Amino acid sequence: MSKYLPLWPDQASTMASQVDLLYIYLLLVAGVMTALIFLAVTVLAIKYRRRPGVAAHQIEGSTILELGWSIIPFFVMLTFFIWGAVIFFQERTPPADATEVYVVAKQWMWKIEHIEGQHEINELHVPTGQNIKLIMTSQDVIHSFYIPAFRLKQDVLPGRYTTLWFKATVPGRYHLFCAEYCGTMHSGMGGDIVVMKPEDYALWMAGGSSTPLAENGRALFSSLGCSTCHRSDVKGRGPDLAGIYDKPVQLDDGRTVIADDNYVRESILDPTAKIVSGFKPVMPAFQGIVTDEQLNALVAYVKSLSQPAQGSAALQNAPATSPGQPEVQ
Ligand SMILES: [Cu+2]
């Protein structure tokens, strides 16, 4: 569409055309409503204009007319919300088969970590036709991950994860903006989303050697001493983490929560916030000890323990030393 109407940015994701259609519908309805009102004003002003010798007479209201012009537009306007809500829920619900990519924002750059271990700064390479889920956090202030060509924007907050998902459709380079004022160099905090054909993406992914994120996490899990308490062979002082991800966890205070990304993150940084039923609050807090990148690696590792198909057993049973083991800062 942007080819014929340069008012629109490129459409490069499955959501883009849907968002544009809704927007066009909104403009059309608003246009028709405005035209109707102006038409009525003009016609009535001419028809009931003051004429010499003709006395005005009082017109009583019409209940049916008034109900009609209130209720009909009400339902017409409601379609915006219904259609908008459908798109919103689609955009908010990542498909289960989405490939995860971690994003860490900081003043003033975007740091990208692929599960396979590739790292990027201010660039995100993705293949067409694959669902991608971004798990994002900020090291400092609030930023916002904004890709106009995908019609997607999501705030990136310190201290928690927010997510975003998309399926890119057209290979190309699309601009990435920070859409939340985040300091002096905010306007320079941009980058590129590089959408590639799957075969080109596979080549790009194969270039350079890197340790998978979960592998880094496993090394950290060992070097930080987590593995001494969270054990799968014997009962440790902490709960066994195998198979917990995305499952309900019974807490000490009677609540049940889902062990999602934010739960795992919080349990590492502030372990006493949610004590698992049957365990004592003995775990030290890792707030200020692990970086956001290390936290992502740990979360990826905990997740890998719940994905037997992707070799969690191999990760779990492999020796706990790794040449690529990151230093704790
Ligand atoms: Cu920013």
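Biologist: How many helices and strands does the chain have?
Modeller: Helices are DSSP runs of H or I with at least four residues, and strands are runs of E with at least two. The model is a predicted one. Counted this way, the chain has 12 strands, and its helices number 8.

Biologist: Which domains does the assignment give?
Modeller: Domain 1 is in two pieces, 16-50 and 57-92. Domain 2 runs over 99-206. The remaining one, at 213-317, is domain 3.

Biologist: Which elements give two or more residues to the side of domain 2 that touches domain 3?
Modeller: The centres of these two domains are 26 Å apart. Their contact takes 10 residues from domain 2 and 8 residues from domain 3. On the domain 2 side, the elements giving two or more are β1 (99-106) and β5 (131-138).

Biologist: How many charged residues are on that side of domain 2?
Modeller: Sorted by class, the side touching domain 3 has 5 nonpolar residues. Another 3 are polar. The charged residues number 2.

Biologist: What is the count of buried residues in helix α3?
Modeller: Across the chain, 24% of the 329 residues count as buried. A buried residue needs 20 or more other C-beta atoms within 10 Å of its own. Helix α3, residues 198-206, is hardly covered. Among its 9 residues, the buried count is 0.

How values were computed. Residues are numbered from 1 along each chain as its sequence is written. This is a predicted model: local features need pLDDT of at least 70, side-chain atom pairs count only at pLDDT 80 or more; totals for chains, interfaces and linings use all residues. Domain bounds come from an automatic or database domain assignment. Two residues are in contact if their C-beta atoms, placed from the backbone, lie within 7 Å. Ala, Val, Leu, Ile, Met, Phe, Trp, Tyr, Cys and Pro count as nonpolar, Asp, Glu, Lys and Arg as charged, and the others, Gly among them, as polar. A residue is buried if 20 or more other C-beta atoms lie within 10 Å of its own, exposed if 12 or fewer, and partly exposed in between; C-beta atoms are placed from the backbone.
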